[in-house]
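Subject: Handing over a structure

Dear colleague,

I am passing on the structure below, and I would be glad if you kept it open while you read the notes that follow it.

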Amino acid sequence: MVRIILILLLAIPFNIVSGFQYSNDKMVYIEIKDSSVLINDGSKYKLNFEFTNKEGERNNLKLLKGENKIYSATPLTIIQQEDATNCPYILYPGERVEISQDNQGVLHFNNKLDNKRTNDLNFLNEMIHETDIFCPSTRLLNVISLRELKSRATQIEHLKKKRLSFLISYNHSKKMTDEYRKIAHDFIHQFAILDSIYLFSKLKSLERSSSLFKSWERRTFKKIVSQKDLNADAANTILVKITETFIYFKLFNTTQPYIKDSSQLHVAFDLIQSSFKNLSRSFLLSRLINLSVQLSIPVKDRYYQTYIQYPLPYVQIPLRSLEELSNEQWTIVK
């Protein structure tokens, strides 16, 4: 697959492109600086991340000491594994970034060719230590009353405002690129939505008939479907997670991607088809059809025929997978 990202330990010279200009023949380049401070558990790996590729598939990224080249035609959002902050870092093809880690385990990024990009990369980490982690502990605690839920929902809103205020002051003092400042603004809003989803998922089923819950559900879904076209690029990776989390919660009362049979798959298909447009719809349906392929869940022919009319590039992704599978592994039901 052309867009699969390969991690190669090579030391070949290449042209560095700073800022946000990139093309398909460029690469993201990461060098770990002062890697000795990264070793604290005897592991041969110094930094472990994960990222989502263009097809929406999750991949592991293990950075070894020294030079690591990551080939990708598109920006990447990486998140450090086993890091409670859930802090996303955006890397662009063609840029060279040095990563170091201090004694407290905090990551520091440095793009020597572009100070604004250095500020971009370090913004969310600094914001987290100034305010709170993404998806704070409200999602981990049981909500025992609607009064308590209202209080915690207010806390989430206050945290979002505090983060937005920090973004303004940080950009004033350190200066960020205009593009990343907009992405950071979206991240802050998106993680507030995700916090809210996890919080409301603690409601008992009886309380979900309340006017408070119904009002929240309408507002949240409206926010999600009004977003720009979804895809797995750097600016949308988090929004994709939020969208799918909410869809499965709305339909099946779970915040985890959960499809166990054709009936549930068709229900999810109908909601996506009726609620989203353009590439958002194509992308989400592609992920859903891919899931049916992976789990060998039969799909009715009318759903399949509806699906393949939607625009590229995303409908072609599972179609490639289908060519590799037999009818016994994946079935279209007439």
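This is a predicted model: local features need pLDDT of at least 70, side-chain atom pairs count only at pLDDT 80 or more; totals for chains, interfaces and linings use all residues.

Residues are numbered from 1 along each chain as its sequence is written, and side-chain values use heavy atoms, with hydrogens and water left out.

Asn48 belongs to strand 3 (residues 47-52); helices (H or I, at least four residues) and strands (E, at least two) are DSSP runs, numbered from the N terminus. Its C-alpha lies 5.6 Å from that of Gln81, although Asn48 and Gln81 are 33 residues apart in sequence. Contact here means heavy atoms within 4.5 Å, and, once neighbours within four places in sequence are set aside, Asn48 is in contact with Leu61, Lys62, Ile79, Gln80 and Gln81. Thr77, by comparison, sits in strand 6 (residues 76-80) and is buried, with a relative accessible area of 4%. Leaving aside neighbours within four places in sequence, the contacts of Thr77 include Glu50, Phe51 and Thr52, and also Asp233, Ala234 and Thr237.

Now to the chain as a whole. The protein chain has nine helices and 11 strands, and buried residues make up 49% of its 334 residues. Among the contacts in the chain with a separation of 6 or more, 67% are between residues 24 or more positions apart. The accessible surface comes to about 16800 Å², and 49% of it belongs to carbon and sulfur atoms; such areas come from the Shrake-Rupley method with a 1.4 Å probe, and for residues only the protein chains shown count as cover.

The aromatic rings come next. Rings of Phe, Tyr and Trp (its six-membered ring) pair if their centres lie within 6.5 Å, and planes under 30 degrees apart count as stacked, over 60 as edge-to-face and the rest as tilted. By this rule there are 15 aromatic pairs. In one of them, the rings of Phe123 and Tyr170 have centres 5.0 Å apart and planes at 65°, so this pair is edge-to-face. Because Phe123 lies in helix 1 (residues 115-130) and Tyr170 in helix 2 (residues 146-174), the pair ties together parts that are 47 residues apart in sequence. Phe123 is buried at 0% relative accessibility, and Tyr170 is buried at 3%. Elsewhere, ring pairs link Phe200, Phe213, Trp216, Phe221, Phe246, Phe249 and Phe276 into a cluster. Lys250 lies over the face of Phe221, at 5.2 Å from the ring centre, where a charge sits over a ring if NZ of Lys or CZ of Arg is within 6 Å of the ring centre and within 35 degrees of the ring normal.

Which helices would I look at after that? Helix 5 (residues 237-252) has 16 residues and reaches 23 Å from its first C-alpha to its last, close to the 22 Å expected at 1.5 Å a residue, the expected span being 1.5 Å times one less than the number of residues. Helix 5 is mostly covered, with 13 of its 16 residues buried. In helix 9 (residues 316-323), Ile317, Pro318 and Leu322 are buried. Seen down the axis of helix 9, the buried residues fall within an arc of 135°, so they line one face of the helix; the arc is that of the directions from the helix axis to the C-beta atoms. These buried residues pack against helix 7 (278-295) and helix 8 (301-307).

Finally, Tyr314 is placed in the loop between helix 8 and helix 9 and counts as buried, at 4% relative accessibility. The C-alpha atoms of Tyr314 and Ser286 are separated by 6.1 Å, while the two residues are 28 residues apart along the chain.

With best wishes

Methods
Buried means under 20% relative accessible area, exposed over 50%, partly exposed in between (1.4 Å probe, protein chains only).
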